[in-house]
Amino acid sequence: MKVACVGVHVLDTHVIGIESIPDGSDGQLVETIRMSPAGTAGGTAVVLARLGAEVTSYGAIGTDPIADVLLSLLAREGVGTRGLVRLAEHQTSASVLPVRPDGASKDRPAWHCIGANGAFTLDQLDREPLAGIDHLHLGGPEFLGGPAAGELLAWARGEGMTTSVDVLAPGDPDLLAWIGDALPHTDYLLPNDEQVRGFTGRDDLAEGARALVEAGAGCVAVTRGARGALVVTAERVLEVPAYAIADEDLVDTTGCGDAFSAGFLRGRSLGHDLEVSARLGCATAGQVARGLGTDAGAYTLADVEAVVAG
């Protein structure tokens, strides 16, 4: 599987063991501080590489030390970085994520700088190296805008690639309208449950996903946290449960959505049906939840397949 991961690349700094934000100038000792490559393109790229795909990243970063660290971490995972353009006038996108002792990623603060991701345009994307790519994954179409995202995805399909899209921003009807031109050229749309409800205003998740299929997406694979995933096409609705993780093994759920996307897409590339691919996605997310960041630990495609096989 040869994949181009285009769009949002972020350097995450995880701070684990946060029970509260100190007042005033008070300090607090924490358990671990760790950096990892992230973003709806960058995080997915790392996990796809772990699962045996040949991956190249495309997007925009700065010329700052944050970029140097991000490039180093991506390269260490075997992700090609020749498609990341460096913009001197913008800093590299970065986040600081305080992780509670229970590892939950919801209901916690986060600090994020959009940085160079907000300056990336199609003019900066060299399409010539994309020749021979099997799949184009676009993370963060909202930064390009729907017409540009649609142009890129339509071009990729014309070149024989399959396509996928993962939105970074929270779901909102106006955002759906903003990226609407991309959906008819999207084979796999990979939102979370809150985004689906926000995009469509539907409380019923299956109905919301169907509305996104009607808007043009070929397949909508929705992550539902501890409840697993829901996969919807024009013909069927599949519910796939998550794999249980013991409390003592749960470290941080940040990046699990990107991990699901990677596992699901890898499954499709291997010829698996939608259900098995979604199970691979859930199993991959379970691996990531056991560490800090998508590059934590040491998991392979064989490890994930063993979980699915039971």
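Leaving aside neighbours within four places in sequence, Val220 is in contact (heavy atoms within 4.5 Å) with Leu189, Pro191, Ala209, Leu212, Val213, Leu230, Val231 and Val232. The model is predicted, so local features need pLDDT of at least 70 and side-chain atom pairs count only at pLDDT 80 or more, whereas totals for chains, interfaces and linings use all residues. Residues are numbered from 1 along each chain as its sequence is written, and side-chain values use heavy atoms, with hydrogens and water left out.

Val220 is also among the residues with the most contacts inside the largest nonpolar core, together with Val6, Leu136, Leu138 and Leu152. This core has 40 residues; a nonpolar core is a set of buried Ala, Val, Leu, Ile, Met, Phe, Trp, Tyr and Cys residues joined through side-chain atoms within 4.5 Å, where buried means under 20% relative accessible area (1.4 Å probe, protein chains only). Helix 7 (residues 205–214) gives the most to this core, with 5 residues. Helices (H or I, at least four residues) and strands (E, at least two) are DSSP runs, numbered from the N terminus. A second, separate core holds 31 residues, including Leu11, Val46, Val47 and Ala67.

An open sheet of 4 strands runs in the order 3-2-6-7 with mixed pairing; two strands pair if DSSP finds at least two bridges between them. Its edges are strand 3 (32–38) and strand 7 (111–113), each pairing on one side only. Strand 6 (residues 94–99) pairs with strand 7 in the antiparallel sense over 3 bridges, and Val96 stands opposite Trp111 in strand 7. Helix 2 (residues 65–76) packs on the sheet and touches strand 2 (10–16), strand 3 and strand 6.

Notes: Buried < 20%, exposed > 50% of the residue type's maximum accessible area, 1.4 Å probe, protein only. Axes fitted to C-alpha atoms, helices over the stretch in contact; angles between N-to-C directions.
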